[in-house]
Amino acid sequence: MKKQLAKTLVGGMILGSVLTVGVGYASQYVESIKVNTKPLTITLNGNTIVSGDQANQFHNGMENVPVTFQYKGTTYVPIGFMTKEFNKNVAWDGSTRTIAITDNNPHGIWVGRLEPSLTETSAGKYTYSVKNQTEREVRLEFTSSQRYDFAVKNSKGETVYLYSSLASFAQVLGEEVIKQGEALSYEIDTTALGLEKGDYTLEAWLTPRDGKTASVEVSFVVK
């Protein structure tokens, strides 16, 4: 991917992309501008919700648009994407030209986030778990059969093993639903990686469509 990617977009398209519904504009409000669509990383309470490691796309109900772009020093993110992260609803009222954001559950409070953990169950073997610590059901969408990834880095910070670089995944859409208080768990065996003696860091994360999330890491030693 080019380090710097700029695209020319129509102003009306930009505004339409921030909603989950289409918005129409008269010609006098349309202006061609250049924006920078180089991917960014966005975290929410320490969890990655947009990963700069990949070209993120958001489906606005009509087509895929960039999850982020920058224009004159300001970063723009689709309202539909962010309201989903904050468990809100968004709607467009064309008669009054109003964007309405409402609580998804006005009687509940969204507390906490997905809580990841890496627990060593035996020498060199770990359980990567992501627990739903919110007050709502969490639904994660995936673009393949892959649900998580993990990497091992040496003491110099160099990645010596990346699970997804060697594994194969079926290219099928899927989802995982984590109910309140429940968790997704996966087993990781570093003893099977043929690591040399030394100090290492193990990092694991989920791989939903919206990008790397629920990342956690632990240090370990191969003797």
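Glu203 is buried, at 12% relative accessibility, where buried means under 20% relative accessible area, exposed over 50% and partly exposed in between, with a 1.4 Å probe and protein chains only. Its side chain meets that of Lys212 in a salt bridge (3.1 Å, N to O); the term denotes a side-chain nitrogen of Lys or Arg within 4 Å of a carboxyl oxygen of Asp or Glu. Lys212 also counts as buried, at 18% relative accessibility. Arg147 is placed over the face of Phe142, at 4.5 Å from the ring centre.

The model is predicted: local features need pLDDT of at least 70, side-chain atom pairs count only at pLDDT 80 or more, and totals for chains, interfaces and linings use all residues. Residues are numbered from 1 along each chain as its sequence is written, and side-chain values use heavy atoms, with hydrogens and water left out.

The structure holds five salt bridges. In one of them, the side chains of Glu175 and Arg139 meet at 2.7 Å, N to O. This pair links distant parts of the chain, with Glu175 in strand E16 (residues 174–178) and Arg139 in strand E13, 36 residues apart. Helices (H or I, at least four residues) and strands (E, at least two) are DSSP runs, numbered from the N terminus. Glu175 is partly exposed at 40% relative accessibility, and Arg139 is partly exposed with a relative accessible area of 41%. A network of salt bridges links Glu137, Arg139 and Glu175. Arg209 and Glu141 form a salt bridge through their side chains (2.7 Å, N to O). Here too distant parts of the chain are linked: Arg209 is in the loop between E18 and E19, Glu141 is in strand E13, and 68 residues separate them.

The chain has three helices and 19 strands. Buried residues make up 38% of its 223 residues. Contact means heavy atoms within 4.5 Å. Among contacts between residues at least 6 apart in sequence, 61% join residues at least 24 apart.

In soluble globular proteins, nonpolar side chains tend to be buried together. A nonpolar core is a set of buried Ala, Val, Leu, Ile, Met, Phe, Trp, Tyr and Cys residues joined through side-chain atoms within 4.5 Å. The largest one in this model has 26 residues, and those with the most contacts inside it are Leu118, Tyr128, Ile188, Leu202 and Leu206. At least two residues of this core come from each of strand E11 (114–122), strand E12 (125–132), strand E13 (138–142), strand E14 (148–154), E17, E18 and strand E19 (213–222). E18 supplies the largest share, five residues. Apart from this core lies another, of eight residues, among them Ile42, Ile49, Val50 and Val65.

Leaving aside neighbours within four places in sequence, Leu202 is in contact with residues including Leu118, Phe150, Ile188, Thr190 and Phe220. Thr190 lies in the loop between strand E17 (183–189) and strand E18 (198–206) and is buried, at 5% relative accessibility. The C-alpha atoms of Thr190 and Gly124 are separated by 5.3 Å, although the two residues are 66 apart along the chain.

The whole structure contains ten aromatic pairs. Rings of Phe, Tyr and Trp (its six-membered ring) pair if their centres lie within 6.5 Å; planes under 30 degrees apart count as stacked, over 60 as edge-to-face and the rest as tilted. The rings of Tyr148 and Tyr163 are stacked because their centres are 5.3 Å apart and their planes at 20°. Tyr148 is in strand E14 and Tyr163 in helix H3 (residues 163–166), so the pair ties together parts 15 residues apart in sequence.

Most residues other than glycine have a negative phi. Lys72, not a glycine, has a positive phi of about 50°. Lys72 is in the loop between strand E7 (69–71) and strand E8 (74–76) and is exposed, with a relative accessible area of 73%. Ala214 also has a positive phi, near 55°, but is found in strand E19 and counts as buried at 1% relative accessibility.

Methods
Lys NZ or Arg CZ within 6 Å of the ring centre and 35° of its normal.
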